[in-house]
Protein chains: 2
Amino acid sequence: MRMAELSRESGVPVATIKFYLREGLLPPGERTSPNQARYSQAHVRRLRLIRAMLDVGGLSLAQVTRVLAAVDSDELGQHDIFGVAQETVTQPGLDPDDDSESANAARERVRKLIADHGWLVPLDSPVVGALAKVVATIAELEPVLLEQIDDRADLIGRIADLDVSLLDGKSLEQQVEIVVAGTVLGDALMSAMRRVAQIDRSARRFGYSGDKASKHR
Amino acid sequence: MRMAELSRESGVPVATIKFYLREGLLPPGERTSPNQARYSQAHVRRLRLIRAMLDVGGLSLAQVTRVLAAVDSDELGQHDIFGVAQETVTQPGLDPDDDSESANAARERVRKLIADHGWLVPLDSPVVGALAKVVATIAELEPVLLEQIDDRADLIGRIADLDVSLLDGKSLEQQVEIVVAGTVLGDALMSAMRRVAQIDRSARRFGYSGDKASKHR
């Protein structure tokens, strides 16, 4: 297809597509004349992936470039792509130089959680640092939330089973799209469903009071 | 304790504490002389709660003010406090006037989910609108993520059981703190644990390659 059709099909404006081509985010089309090129469905998919990372994932152009470099690399296996995509959308973790008592206690707690659950995760992974940071914050502010961390980890593990099973039979590019969108949108879906389920559980435990609740809205 | 000690104990700078006092987020201390006041452990706890909502929860000052007003109100019952804390950290939902096909499809999907799971939740609740909005976005961008929504809802329901059981045997004040911090910090904990568990599941499914992965970090 020509540039105009690529724009129509992907919903991305021509000027933006040209920018992505210049920046190397989108591979060049097949040249058919000195100033014309032909694009394929692969270009449409790549554009969708770029838009998903920018708009839904809230990634920067530099981060998108990094993920795409990993996707286009022949060296990476599926598991590594999962890691690269994930780490790009992961919040900054505990500063490795933070040697405070609370930082070390959080690291130890996370190390034990990973060991107890037999999770195959390198302890120096950014996602582990990010978890340690959340645990350190909770330990300081509301340690009671950590009391059931093992039960929570079991349930979250079963959610991760669902997440990873989504990748079955998908192309590498689709997988990256699912990982990036699934990480960001999946968080939003979990949080939104948890609020609704909490209202139900709270109503059953403390009594349903629809009128009072709406009065304070 | 004096202001300087309150600052040391809470880790919040004196200028910031003074700002919170002026804004009414922090109740005034007990005045001991025309320009000195004494503060208590309740002030330390309140400062930590404010920092948690701002820093971890990413709430605005206006949202923090709203939650604290609910916390300090005598009118609210337990179930209502749950609702106020939750609604404040809930993202804006679908515009009720949005009558597009995709908006109606998302509403119907959420209505069916709530009915199928027997959840006691008013359909006009803000948390239901927020869930419908997330569902609408996912349906447009990555509909595959909705395929397992019922399995996910079951697991999230069990997480909500844990959330609500945390309130057992706690004073009303503690319960409020747990609900507020638990909503915000609980989201962060779920998301961070999910990333770690995904790495494990991905390693088991696609093969562990720690060296390769770290090379590309």
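## Secondary structure of chain A

In this predicted model, chain A contains 10 helices and two strands. Along the sequence, these elements follow the order α-α-β-β-α-α-α-α-α-α-α-α.

## Dimensions and packing

The radius of gyration of chain A is 22 Å, whereas a compact globule of 217 residues would have a value near 17 Å. The C-alpha trace of chain A spans about 70 × 50 × 30 Å along its principal axes.

Of the 217 residues in chain A, 45% are buried.

## The interface with chain B

Chain A and chain B touch through 80 residues of chain A and 80 residues of chain B. On the side of chain A that touches chain B, the elements that give two or more residues are α3 (41-56), α5 (78-88), α7 (126-141), α8 (149-165), α9 (172-206) and α10 (210-215) of chain A. The element that gives the most to this side is α9(A), with 26 residues.

The side of chain A that touches chain B can also be described by residue class: 43 residues are nonpolar, 19 are polar and 18 are charged.

Notes: Residues numbered from 1 in each chain as written. Chains lettered and ligands numbered in written order. Predicted model: local features only at pLDDT ≥ 70, side-chain atom pairs only at ≥ 80, totals over all residues. Helix = DSSP H or I, 4+ residues; strand = E, 2+ residues; numbered from the N terminus. Rg over C-alpha atoms; globule rule 2.2 N^0.38 Å. Buried ≥ 20, exposed ≤ 12 C-beta atoms within 10 Å, placed from the backbone. Contact = placed C-beta atoms within 7 Å. Nonpolar A, V, L, I, M, F, W, Y, C, P; charged D, E, K, R; others polar.
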